[in-house]
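Open the model in your viewer and keep the selection panel at hand. The stops below go from the ligands to the backbone.

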Amino acid sequence: MDVLVVDHPLARTRLTAMRDARTDSAAFRAALHELTTMLVYEATRGADVEQYPIETPVEPTTGFRVANPPLLVPVLRAGLGMSDAALALLPESSMGFVGLARDEETFEPRAYLESLPADLTGLPVIVLDPMLATGGSLEHCVRLLVDRGCTDVTVICVLAAPEGLARLRGSGLPMRVVTASIDARLNDKAFIVPGLGDAGDRQFGGMPRF
Ligand SMILES: O=P(O)(O)OC[C@H]1O[C@H](OP(=O)(O)OP(=O)(O)O)[C@H](O)[C@@H]1O
Ligand SMILES: O=c1cc[nH]c(=O)[nH]1
Ligand SMILES: [Mg+2]
């Protein structure tokens, strides 16, 4: 499983804002939006393009467009904060939605929404979720996609724990991961350390559990 760590200086400053406990929800959402732009930009570097003729005000030339725009799948809630930035860079993309809430006793994901095309054969998919902790949520999500025939999955997250990466690797599911950081470990509540807390709560409110 390929893992790309995007450690561009401007990505690091946005990640720092997200980690900082003093950052309020509005600033957290703004940093996530900007960081997502950078992650999607790097994740799509190898995307196939097709050429088509255009005319500048001066003369005809060759234009380029993404040959097969990916389906974007934010994992609710926290992935919602990445969807606007991804869709802005990939305006021809369509979107699917998966809603998962991790049980904070068992750390297993509970699914509450699955809105995906029935057949994903031949369609690349970009999954958006800021946090890869135990990997249970993203394994569940990627399995939904692979069960629908998808063979080209890119998971974009802000932070990845080594434990989550190992779980995804061990799942044998076809995917690559693009992240801004591989953090040190999980704590005894399965939160990423040093992490940034609960990415859903920091965007949308909620009670701290870490
Ligand atoms: O790798 P895991 O151990 O499965 O944990 C990661 C999941 O936890 C967070 O969502 P959460 O369940 O808190 O839901 P939320 O987005 O509604 O806050 C996060 O956005 C991931 O989906
Ligand atoms: O550190 C973590 C782990 C799971 N979910 C989060 O939002 N943060
Ligand atoms: Mg949460």
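How many nonpolar, polar and charged residues are in the shell around ligand 2? Six are nonpolar, two polar and one charged. In this classification Ala, Val, Leu, Ile, Met, Phe, Trp, Tyr, Cys and Pro count as nonpolar, Asp, Glu, Lys and Arg as charged, and the others, Gly among them, as polar.

Before selecting anything else, note that this is a predicted model, in which local features need pLDDT of at least 70, side-chain atom pairs count only at pLDDT 80 or more, and totals for chains, interfaces and linings use all residues. Residues are numbered from 1 along each chain as its sequence is written, while chains are lettered from A and ligands numbered from 1 in the order in which they are written.

**Ligand 2**

Select Ala78, Met131, Ala133, Phe191, Ile192, Gly195, Asp198, Ala199 and Gly200; these residues surround ligand 2. A residue is near a molecule here if its C-beta atom, placed from the backbone, lies within 6 Å of it.

**Ligand 1**

Move to ligand 1, which has 22 residues around it. Ala78, Arg102, Thr134, Ser137 and Gly200 come nearest. Ala78 and Gly200 also belong to the surroundings of ligand 2. By class, the shell around ligand 1 holds twelve nonpolar, six polar and four charged residues.

Next, colour strand 5 (97-102), strand 8 (131-132), helix 4 (136-147) and helix 6 (199-204), each of which supplies at least two residues of that shell. Strand 5 gives the most, with three. Helices (H or I, at least four residues) and strands (E, at least two) are DSSP runs, numbered from the N terminus.

**Cis peptide bonds**

Most peptide bonds are trans. Select Leu76 and Arg77: the bond between them is cis, with omega near -5°. Arg77 sits in the loop between strand 4 (71-76) and helix 3 (80-89). Then go to Val193 and Pro194, also joined by a cis peptide bond, with omega about 0°. Pro194 is in the loop between strand 12 (192-193) and helix 6.

**Positive phi**

Most residues other than glycine have a negative phi. Select Phe107, in the loop between strand 5 and strand 6 (109-115); its phi is positive, near 65°. Finish at Ala190, in the loop between strand 11 (185-186) and strand 12, where phi is about 60°.

Are these two residues buried, exposed or partly exposed? Phe107 is partly exposed because 14 other C-beta atoms lie within 10 Å, and Ala190 is partly exposed because it has 17. The cut-offs are 20 or more other C-beta atoms within 10 Å for buried, 12 or fewer for exposed, and partly exposed in between, with C-beta atoms placed from the backbone.
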